[in-house]
Amino acid sequence: MQPIGPTVKADILVYLNSNLSHEEVNTFIRTVLSRPDPEGRGDDLAPGVRTQLRLRPVEGHEGIALTFFPNASKEQREELLRSIKTSPLVYRVLENTAPDSVTTLK
């Protein structure tokens with residue numbers, strides 16, 4: 001079993017702009033952090049991603065924690081990180097951090 005939660009270090013923490021609607025946040029999750037299921041049954045996590053966890057907001061910025069499988073390739077990690085960082089909806093990206101340790105994004 002893989003521990004998850006706000007006290008567990010995540011590979012990537014994504015904090016989104018504070019002025020986004022619920023639909024914009026869900027669209028970001030579906031289009032950047034997920035991939036369509038090949039059989040048309042919703043969405044799957046991006047290749048190499050083990051867990052995705054919504055976080056409590058920090059300074060009004062909704063957050064999402066991501067962890068990778070140990071065997072996720074360097075390319076899978078880099079591609080997802082690049083997609084996240086180039087999104088205009090992203091406010092801040094932190095790596096190798098436990099969500100509970102984030103008290104400010106300044």
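What follows is a short chat about the predicted model shown above.

Reader: What should I know about the model before using it?
Author: The model is predicted: local features need pLDDT of at least 70, side-chain atom pairs count only at pLDDT 80 or more, and totals for chains, interfaces and linings use all residues. Residues are numbered from 1 along each chain as its sequence is written, and side-chain values use heavy atoms, with hydrogens and water left out.

Reader: How many helices and strands?
Author: The protein chain has 2 helices and 6 strands. These are DSSP runs numbered from the N terminus, helices being H or I of at least four residues and strands E of at least two. Along the sequence the pattern reads β-α-β-β-β-β-α-β.

Reader: Which strand order does the open sheet have?
Author: The order of its 4 strands is S4-S5-S1-S6, with antiparallel pairing. Two strands pair if DSSP finds at least two bridges between them. S4 (49-58) and S6 (90-97) are the edge strands, each with a single partner, so one side of each has no neighbour in the sheet.

Reader: How many bridges between S1 and S6?
Author: Strand S1 (residues 10-16) is joined to S6 by 6 bridges, the two running antiparallel. Within S6, Leu94 is the bridge partner of Leu13.

Reader: And what does H2 touch?
Author: Helix H2 (residues 74-86) packs on the sheet and touches S1, S4, strand S5 (61-68) and S6. Contact means heavy atoms within 4.5 Å. The direction of H2 makes about 150 degrees with that of S6; axes are lines fitted to C-alpha atoms, for helices over the stretch in contact, and angles run from 0 to 180 degrees between N-to-C directions.

Reader: Switching to the core. Which residues touch the most other members?
Author: Phe28, Leu33, Leu66 and Ile84 do, in the largest nonpolar core, which has 20 residues. Such a core is a set of buried Ala, Val, Leu, Ile, Met, Phe, Trp, Tyr and Cys residues joined through side-chain atoms within 4.5 Å. Buried means under 20% relative accessible area, exposed over 50%, partly exposed in between (1.4 Å probe, protein chains only).

Reader: Where does the largest share of this core come from?
Author: From H1, with 5 residues.

Reader: What does Leu33 touch?
Author: Leaving out residues up to four places away in sequence, the partners of Leu33 include Phe28, Leu45, Gln52, Leu66 and Ile84. A second, separate core of 9 residues has Ala10, Tyr15, Leu55 and Leu94 among its members.

Reader: What share of the chain is buried?
Author: Of the 106 residues, 40% count as buried.
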